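Visitor: I would like a quick tour of this chain. Please take me through the residues one group at a time.

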Amino acid sequence: MSLPEIVSRDAWRTAREALLVKEKAATRARDALNAERRRLPMVEVDKEYVFEGGDGKAALLDLFEGRRQLVVYHFMFAPEWDAGCRRCSAFLDQIGHLAHLRARGTSFAAVSRAPYTKILPFKARMGWTLPWYSSYVSDFNTDFEVTLEVEGELVERPGLSCFLRDGDRVFHTYSTYERGLDGLGSTTSLLDLTALGRQEAWEEPEGRASALGAPAGSAQVQYHDEYED
């Protein structure tokens, strides 16, 4: 096994400070990239999709649960499989308490192509309580490019899509797949993919922080059982 070089405390600090300069540059570059992502145009979703969840049939608008934004994790679970994807399961395991997303007007849901009768027992086995829907009877997976036809066969790939609601109109703002999921899972990393972002006053473009009608930045973070949803 190749281990780090052993040095003195002073040598370590010198190396650490040099790396910190690069880390800060990467943070500024990430902030600029997030701002550019928020400036992406959006496309209206005018196709009617049908999902099945714990409360029966649902439309895409229902997945918002009345909130302004929706983050969908495209969980790989084909209809013929007996269990969901292991890597996708590891991704959902790291999702924190949804109250912090919901306080910023953002809902989160997993969607799979498997019938809900297969999703439900696997969800119980994993001990998850987050919303999870089946897209079995719709073209949602193929339209959002997570179920692909390769050499005449349907294959699954993991992905994540973000949506914005304006009244009853739904818009698709962003999608990423496979390696684009690296480093995601925290509340802030998911919000950074959305059109409204973290809703902090310093974020660009201006005017997104007050989109929900009240400040919801880092100064408003509470214990997850103290939010008023």
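**A guided look at the chain**

Visitor: Where is P205 placed, and which residue does a cis peptide bond join to it?

Guide: This is a predicted model, in which local features need pLDDT of at least 70, side-chain atom pairs count only at pLDDT 80 or more, and totals for chains, interfaces and linings use all residues. Residues are numbered from 1 along each chain as its sequence is written, and side-chain values use heavy atoms, with hydrogens and water left out. P205 sits in the segment after α7 (187–191); helices (H or I, at least four residues) and strands (E, at least two) are DSSP runs, numbered from the N terminus. The cis bond has an omega of about -5 degrees, and the partner of P205 is E204.

Visitor: Is Q199 buried or exposed?

Guide: Q199 also calls for a look at its backbone: phi is near 65 degrees, a positive value in a residue other than glycine. Q199 lies in the segment after α7. Buried means under 20% relative accessible area, exposed over 50%, and partly exposed in between (1.4 Å probe, protein chains only). Q199 has 2% relative accessibility, so the answer is buried.

Visitor: And E151, buried or exposed?

Guide: E151 has a positive phi near 50 degrees, and is not a glycine. E151 is in the loop between β7 (147–150) and β8 (153–156). Its relative accessible area is 78%, so E151 is exposed.

Visitor: How are the rings of Y73 and F91 arranged?

Guide: Rings of Phe, Tyr and Trp (its six-membered ring) pair if their centres lie within 6.5 Å; planes under 30 degrees apart count as stacked, over 60 as edge-to-face and the rest as tilted. Y73 is in strand β4 and F91 in helix α3, 18 residues apart. Y73 is buried at 1% relative accessible area, and F91 is buried at 6%. Their centres are 4.3 Å apart and their planes at 5 degrees, so the pair is stacked.

Visitor: How are the rings of F75 and F122 arranged?

Guide: F75 is in the loop between β4 and α3, and F122 is in helix α5, 47 residues apart. F75 is buried at 1% relative accessible area; F122 is buried at 6%. The ring centres lie 6.4 Å apart with planes at 65 degrees, so the pair is edge-to-face.

Visitor: With which residues is S89 in contact, leaving aside its neighbours within four places in sequence?

Guide: S89 lies in helix α3. S89 counts as buried, with 6% relative accessibility. Contact means heavy atoms within 4.5 Å. The partners are F75, G84, F122 and W128.

Visitor: Which residue forms a salt bridge with R38?

Guide: A salt bridge is a side-chain nitrogen of Lys or Arg within 4 Å of a carboxyl oxygen of Asp or Glu. R38 lies in helix α1 (residues 9–38) and its partner in the segment after α7, so the pair ties together parts 165 residues apart in sequence. Both partners are buried. The closest N and O atoms are 3.3 Å apart, and the partner is E203.
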